[in-house]
Amino acid sequence: MADGWRPAPFREFVLKIHSRCDLACDYCYMYAMADQSWRSQPRRMSLATAEQAAKRIGEHVRQHGLEEIGLVLHGGEPLLAGPDLIAYLITAVRGAVGEGVIVHATVQTNGVGLDDPYLALFDKLGIRVGVSLDGSQSAQDRHRRFASGRSSHAAVTAGLRRLTAKRYRHLFGGLLCVIDLRNDPVDTYEALLEFKPPRIDFLFPHGTWESPPPGRALGTDDAPYADWLIAVFNQWYDYPQTDIRIFTEIVRLMLGGSSRNEVVGLGAASMLVIETNGSIEQVDTLKAAFHGAPRTGLHVEHDPLDAALELPEIAARQLGLRGLADECQKCRIRRICGGGLYTHRYRRGTGFANPSVYCPDLMRLISHIRETIEPDVAQNLAKLGAH
Ligand code: SF4
């Protein structure tokens, strides 16, 4: 390009290996939001598609000289794909990228099917396990139920107990928790800490300017999600018992580091999705924006993954500051916030050229973290200078 900008390679590959779920969570962006393309997806990725996906990942890794990649087995519910497909896929990807390239493999599960045979397989293949849990039973039951309405809490916590027992604890990647403002933040945090997760990822429920998240009153400075997270932050900052990704990322950015995910910061988007049928898609949270939003028109059968780097939709998520809305470009915390998650910027007519629908929350949360850590950093630097 004339100004020297070059697309950054993809480094994380999300493989949708099973396109249905055994839970029916009412906030799920896969099934309960704007994009309904799952209806035309095969239930399970075929071995032929898995092999072709692995080949394309291998090509991309060699083309860009990557030394390590992330591979996320996702769904729907990936454990429903069965152990044979999972073993085949992981082996195929490791074979395709070649020796010397590290593949950080993770399975992101609802936890219901986490049994001993699966855990033994993950141990053998070196697959880490992330589990979705919204907190206590009452918190989990608000959204994460079986289609019959039955609570999933007992099944998920039983799976988590198996995962966190001594034999398999090293496989535990962490917990994903979607925020519900009706749940007490500190109680929720403490319910998650019971499993001693190495990481907690608190997620904003997906929403856009067209379909605002619950409790987000548009046109006001109310920031209920910031207030919720600040209650957790204050507890965590005084006594950190785990890594809470959104806080760690904000602090990293404040200390001059670069962001490692798309939630905050201006780092180039580096995640690509391969759907159950082999279609190459953008980040799957875009399903919350509008029907067809993640679509690229590319397919592993006939397209290299590099073809996705040339798409304007991908480039827009790799342009850093220049990819932000005018309001964000002028914002005092733009380098840290980065306009928030791309999906949350969507508005009909202006597309993604908007601040996040969570703008007041991001502003208040980031300001609070800055006001909390700045005096401590200054004091510690002064102490170091004194020695
Ligand atoms: S706080 Fe709001 S205006 Fe500032 S960068 Fe974030 S989304 Fe944009």
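Which residue is the bridge partner of Phe-13 in E8? Leu-272 is the bridge partner of Phe-13 there. Let's look at the setting of this pair.

## About the model

This is a predicted model, in which local features need pLDDT of at least 70 and side-chain atom pairs count only at pLDDT 80 or more, while totals for chains, interfaces and linings use all residues. Residues are numbered from 1 along each chain as its sequence is written.

## The overall picture

The protein chain contains 13 helices and 10 strands. Both kinds of element are DSSP runs numbered from the N terminus: helices are H or I with at least four residues, and strands are E with at least two. Along its principal axes, the C-alpha trace spans about 55 × 55 × 50 Å. A compact globule of 387 residues would have a radius of gyration near 21 Å, and the protein chain agrees because its value is 21 Å. (That radius is taken over C-alpha atoms, and the globule rule is 2.2 Å times the number of residues to the power 0.38.)

Of the 387 residues, 43% are buried. A residue is buried if 20 or more other C-beta atoms lie within 10 Å of its own, exposed if 12 or fewer, and partly exposed in between, with C-beta atoms placed from the backbone. Among contacts between residues at least 6 apart in sequence, 72% join residues at least 24 apart. Two residues are in contact if their C-beta atoms, placed from the backbone, lie within 7 Å.

## The sheet and strand E1

The 10 strands form an open sheet with mixed pairing, in the order E7-E6-E5-E4-E3-E2-E1-E8-E9-E10. Strands E7 (243–244) and E10 (295–299) stand at the edges with a single partner strand each, so one side of each has no neighbour in the sheet. Two strands pair if DSSP finds at least two bridges between them.

Strand E1 (residues 12–18) runs parallel to strand E8 (residues 271–274), and four bridges join them. E1 also runs parallel to strand E2 (residues 68–75), this time with six bridges. Six of the seven residues of E1 are buried, so the strand is largely enclosed by the rest of the structure.

## The nonpolar core

The largest nonpolar core has 98 residues, and Phe-13, Leu-15, Ile-57, Leu-89 and Leu-229 have the most contacts inside it. Its largest share, eight residues, comes from helix H7 (residues 224–238). Such a core is a set of buried Ala, Val, Leu, Ile, Met, Phe, Trp, Tyr and Cys residues joined through C-beta atoms within 7 Å. Not counting residues up to four places away in sequence, Leu-89 touches Leu-15, Ile-17, Ala-50 and Ala-54.

## A look at Leu-47

Leu-47 belongs to helix H1 (residues 47–64). Leu-47 counts as partly exposed because it has 13 C-beta neighbours inside 10 Å. Leaving aside neighbours within four places in sequence, Leu-47 is in contact with Leu-85 and Tyr-88.

## Around the ligand

The ligand is surrounded by 13 residues, the closest being Cys-328, Cys-331, Cys-337, Pro-355 and Cys-359. Helices H11 (326–329), H12 (334–337) and H13 (359–386) each supply at least two residues of this shell, and H13 gives the most, with three. A residue is near a molecule if its C-beta atom, placed from the backbone, lies within 6 Å of it.
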